[in-house]
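Please look through the model below before reading my notes, which I have set out as numbered points for someone new to structures.

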Amino acid sequence: MLLTHPTRPLPQLQQTDRMTAPASEADRSVLCARLDGVSKLFGSFAALRQVTVDLEPGRCYVLIGENGAGKSTLLRILAGLLRPSFGTVTVFGGLEPHDARARIGYMSHAPMLYDELTAEENLRYFRSLYPGRACLSPAESLRQVGLDPELNRPLGQYSQGMRQRTSLARVLLSVPELLLLDEPFSNMDIESARQMVELLAGFRQGNRTIVLTTHQREMAAPIADWVFALHAGRLISFEPGRPTL
Amino acid sequence: MPRALWTHLVKDLRIELRSLDAFVSMLFFSLLVVVLFSIAFDPHGDFSREIAGGVLSVATMFASVSALNQAWAREIRHQVIDAQRMAPTPGAELFLAKVIANFLFVSVVQVILAPFFLIFYNLHIEGQAWLLALVLPLGTWALVGNGIFFAALSIRSRNRELLLSLILFPIFIPALLAMVRATTSILTGDGDPTLWIKLLLGYDIIFTTASLLLFDVVFHAE
């Protein structure tokens, strides 16, 4: 069932044009995600207003906008953690995000990990929650983000940057086809952020889709196929990027 | 045992063994209740046996609530619960693992509490003592099962600690009554506790089944 409320119009919101990147290759024919007139209300506050966008596989989409523009809400809707108040969201050619959640990786501001466990224990725990999926090993995942798998300290003793990396390792663990990253470069030094961009470039080349939000647009520029901007919950621009990686 | 259930359970036990947060707070709180009641009532003889069941149940209840209030704290703190919601495993397994883990914590506290209880209340059990090994686990399961469920229900509330007590205590009353009556009957040797034990068993089956069926809805709520 699609998430839709056809009998409840939202007259004060303007319908935006569908924003779609040109699909030039055959393997891009099935959309990775489609948002159609998506609005999200929290009480009387509209966090998203009539957002309509198609996301193609193997692309990196960078979502920019000031605080409160609705970036995190959009990611949480794509992740299936929030349901839209109006409109429909489908992923992987027609599935509800909740039904395809094993194929989606979501990293938020918070590390989404237990402070009392080591990075390896955390990852081993989350790996066990994906039965039947070909996951990376915790050690592989930690090495990918540049962390030492042998580090035997509780996560609570890690620096913010190391926690951020471990959080990314958790997301990469299940080898998701759609990667949703909320401010992945925050708390990171420039060198670590550059390494993360290189890692994400490799991920995108595996025909996987990335949607990331950031205030540091220049940081994500080397992998940005498309940059879209939100303002007060409305999608106001959708421009091609100039990826170099 | 399903693999995810085992994974959740091992994780909860490992974290508690490292921090001992819930265990220590429960132990001290229940010891405090037992000691304070013994000072207040100066119990001995028949009077001691008559109130002991109630004191033990109330001590367990208040001690458990201090742990149940924190049952989902680690999941909320760094949004771990969102990562668990994104995983393709049933939420009911997470719920059941948390119930089992907290049931074990409370049971260990009860075992440690038992000798103090016998000493402070000068207890000599007149009935079939082995029946306590049925009554206490059944009563504890009722308390912990409901507590974990309602703690999850009140996660998004600002007054979640108050809300938990307000919802949990009224719903727990039938089980509390059965636990107190059965314990008193065993301690005094008066009457047959079987009916109360059956009531506890029925209560556990009904509420555990309902919680398992409803937990996914609560877990995936926005």
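This is a predicted model: local features need pLDDT of at least 70, side-chain atom pairs count only at pLDDT 80 or more; totals for chains, interfaces and linings use all residues.

1. Residues are numbered from 1 along each chain as its sequence is written, and chains are lettered from A and ligands numbered from 1 in the order in which they are written.

2. Chain A holds an open sheet of 6 strands in the order β6-β7-β8-β4-β9-β10, and the pairing is mixed. At the edges stand β6 and β10 (234-240) of chain A, each with a single partner strand, so one side of each has no neighbour in the sheet. From one strand to the next, the twist averages 15 degrees.

3. Within this sheet, strands β7 (residues 178-182) and β8 (residues 209-213) of chain A run parallel and are joined by 5 bridges. A:Leu178, for example, has A:Thr209 in β8(A) as its bridge partner.

4. Angles run from 0 to 180 degrees between N-to-C directions, and axes are lines fitted to C-alpha atoms, for helices over the stretch in contact. Helix α4 (residues 160-173) of chain A lies across β6 and β7 of chain A and runs at about 170 degrees to β6(A). Helix α5 (residues 190-205) of chain A touches β4 (60-64), β7 and β8 of chain A, and its direction makes about 145 degrees with that of β8(A).

5. How many residues does each chain bring to the contact? Chain A gives 23 residues and chain B gives 19 residues. On the side of chain A, β6 (104-107) and α2 (119-128) each supply at least two residues, and the largest share, 3 residues, comes from α2(A).

6. In chain B, the axes of helix α1 (residues 3-19) and helix α6 (residues 91-120) come within 8 Å and cross at roughly 40 degrees. That makes α1(B) oblique to α6(B), given that angles under 35 degrees count as roughly parallel, over 145 as roughly antiparallel, 65 to 115 as roughly perpendicular and the rest as oblique. Among the residues making this contact are B:Leu5 and B:Leu9 of α1(B) and B:Ile100 and B:Phe105 of α6(B).

Technical notes. Helices (H or I, at least four residues) and strands (E, at least two) are DSSP runs, numbered from the N terminus. Two residues are in contact if their C-beta atoms, placed from the backbone, lie within 7 Å. Two strands pair if DSSP finds at least two bridges between them.
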